[in-house]
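Hi everyone, thanks for coming. Let me put the sequence and the model up, and then I'll walk you through a few places in it.

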Amino acid sequence: MTKGSTTLPPGRYGLPILGETLSFFGDRNFAQKRHQQYGAVFKTRLLGKPTIFMRGSEANRFVLTHENQYFVVTWPPSTKALLGPLSLALQTGGTHQSRRKLLAQAFLPRALSGYIAAMEDITQRYLRSWEEQRSLTWYPELRNYTFDIACKLLVGFDAGSETRLGRLFEVWCEGLFSLPLNFPWTRFGRALRARDQMLQELESIIRDRQQSPDPGDDALGLLIQARDEGGDRLTLEELKDQILLLLFAGHETLTSAIASFCLLMAQHPQIFERVRQEQQKFPWDAPITLEQLKQMSYLEQVLKEVLRLISPVGGGFREVLQTCEYNGFCIPSGWNVLYQIGPTHKDEAAYPDPDRFDPERFNPERTASLEEQKYGYVPFGGGIRECIGKEFARLEMKLFAVHLARHYSWELLPDQDLDMATIPTPRPKDGLQVEFLPLQKTS
């Protein structure tokens with residue numbers, strides 16, 4: 001790639017300073033409309049900064065393989081402030097690398113295997129509750145479900161959604177992708193105060209663990225004991241920011257993905273029937289293992305297609321460190337770039353009829369071409385910043401799907417809005433209203 005071009009991508013900047021920020025936050029089809037008008041690369045202004053949107057596997061490859069050379073991670077101002085300065089999501093270079101290694105210890109196969117029993121216990125408790133309710137608005141329940149699992153496995157306490165931390169967490173999440181206006185009545189202002197209160201709660205939990213003879217085998221226990229190459233441990237301040245990030249990563253996007261699975265299975269009962277049939281190959285009275293889950297190949301295809309069609313994360317922001325060129329366009333130093341996941345997953349060249357739900361796209365016999373363009377399927381991001389909790393999320397999705405397929409059915413209730421709200425993550429606007437029923441047991 002040469003650096004000679006001075007031609008900026010097409011597009012418009014919008015209003016002074018604010019640019020097109022309001023449209024970006026308010027219109028779920030913001031990027032799609034501008035791509036139709038300007039092509040795969042366009043410019044705009046978001047939150048006071050010129051920003052270039054790029055879509056497609058080659059654009060993703062260009063951005064994700066030039067980390068720390070042309071690009072460095074950045075986030076909207078509201079997200080930066082609420083995640084905290086020590087969060088892995090904001091760290092770069094060697095610090096990011098060393099901290100990522102420490103946090104990765106909580107997501108190794110051995111650790112994941114140890115999480116299965118608690119995940120199943122919480123899953124079964126919620127399933128029984130939904131069976132008793134029969135008719136319910138599912139999305140808020142799914143938020144509580146994933147938060148309870150995250151609290152149990154990451155921080156070690158039960159029923160997290162019913163605690164003060166759980167209530168504060170909801171307020172904090174609402175401000176993550178908002179206009180950074182710090183007033184008592186704004187989402188951002190309320191979220192900042194919630195962050196301070198959550199950190200106080202987390203500090204108390206962490207100090208108790210640090211003083212305990214057994215720090216525990218959940219993620220917090222592993223992180224308290226973890227040491228980097230120099231023998232240093234995470235400080236109290238680091239632990240607070242990292243645990244907050246892990247709770248977010250193990251909750252917000254995962255809830256979106258699970259809700260999308262529930263919606264799509266209700267809309268495609270013939271596909272869910274195939275998921276059920278696959279479960280007949282496995283013993284239902286034995287504990288589920290990682291090895292068993294790996295053998296559920298059709299369920300794997302279905303979950304991959306769920307994450308393709310309704311990506312929990314729309315893309316990722318990067319700041320341009322060094323002026324570079326992509327496809328004949330100048331990418332100026334100091335600007336922001338947004339590489340895109342959702343629009344890449346709707347690329348007709350890679351995914352014919354992209355709005356159709358078709359798990360056969362990921363049939364191992366048909367995926368050779370997808371393997372060749374690895375950056376065309378990036379639900380968890382890619383490169384050196386790929387989601388660290390990717391396997392935790394996949395494990396939880398699979399376990400949840402297995403228990404649903406074996407024991408339950410559900411139908412969408414009429415007269416509800418199934419269009420997706422997208423900020424901070426995709427979810428059905430009316431909260432996914434369903435009738436939830438146990439399968440009739442056959443003798």
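**A walk through the model**

Let's start at Asn68, which sits in the loop between α3 (57–64) and β3 (71–73). When I name helices and strands, I mean DSSP runs numbered from the N terminus, with helices being H or I runs of at least four residues and strands being E runs of at least two. Before going on, please keep in mind that this is a predicted model: local features need pLDDT of at least 70, side-chain atom pairs count only at pLDDT 80 or more, and totals for chains, interfaces and linings use all residues. Residues are numbered from 1 along each chain as its sequence is written, and side-chain values use heavy atoms, with hydrogens and water left out.

Back to Asn68: its phi is near 70 degrees, a positive value in a residue other than glycine. Asn68 is partly exposed, at a relative accessible area of 38%. For the cut-offs, buried means under 20% relative accessible area, exposed means over 50%, and partly exposed is in between, with a 1.4 Å probe and protein chains only.

With a relative accessible area of 44%, Arg134 is partly exposed.

Now to strand β1 (residues 41–46), which holds Thr44. Is Thr44 buried or exposed? It counts as buried, because its relative accessibility is 0%. The Thr44 side chain makes a polar contact of 2.5 Å with the side chain of Glu20. A polar contact here is a pair of N or O atoms within 3.5 Å; within protein, one must be able to donate a hydrogen and the other to accept it, and residues adjacent in sequence count only if both atoms are side-chain atoms. Setting aside neighbours within four places in sequence, the residues in contact with Thr44 include Arg12, Tyr13, Phe30 and Phe53; contact means heavy atoms within 4.5 Å.

Glu20 has another partner: Arg34 forms a salt bridge with Glu20, with the closest N and O atoms 3.0 Å apart. This pair links distant parts of the chain, with Arg34 in helix α2 (residues 30–38) and Glu20 in the segment before α1, 14 residues apart. Both Arg34 and Glu20 are buried. By salt bridge I mean a side-chain nitrogen of Lys or Arg within 4 Å of a carboxyl oxygen of Asp or Glu.

Phe24 lies in helix α1. Apart from neighbours within four places in sequence, Phe24 is in contact with Phe30, Leu46, Phe53, Phe317 and Leu338.

How many salt bridges does a search of the whole structure find? The search finds 29. One of them joins the side chains of Glu360 and Arg274, at 3.2 Å from N to O. That pair also links distant parts of the chain: Glu360 is in the loop between β8 (336–340) and α16 (368–372), Arg274 is in helix α13 (residues 269–279), and they are 86 residues apart. Arg274 counts as partly exposed, at 40% relative accessibility.

Another salt bridge runs between Lys390 and Glu386, whose closest N and O atoms are 3.2 Å apart. Lys390 is partly exposed at 24% relative accessibility, and Glu386 is partly exposed at 26%. Elsewhere, salt bridges that share partners join Glu203, Arg207, Glu237 and Lys240 into one network.

Helix α5 (residues 93–104) has 12 residues and reaches 16 Å from its first C-alpha to its last, close to the 16 Å expected. That expected span is 1.5 Å times one less than the number of residues. The buried residues of α5 are His96, Ser98, Arg99, Leu102 and Leu103. Their cover includes α10 (219–225) and α11 (236–249).

Helix α8 (residues 164–175) also has 12 residues, and reaches 18 Å, close to the 16 Å expected. Which residues of α8 are buried? They are Leu165, Gly166, Leu168, Phe169, Trp172, Cys173 and Gly175. These buried residues pack against α4 (77–83), α7 (138–155), α9 (187–211), α11 and α12 (252–267).
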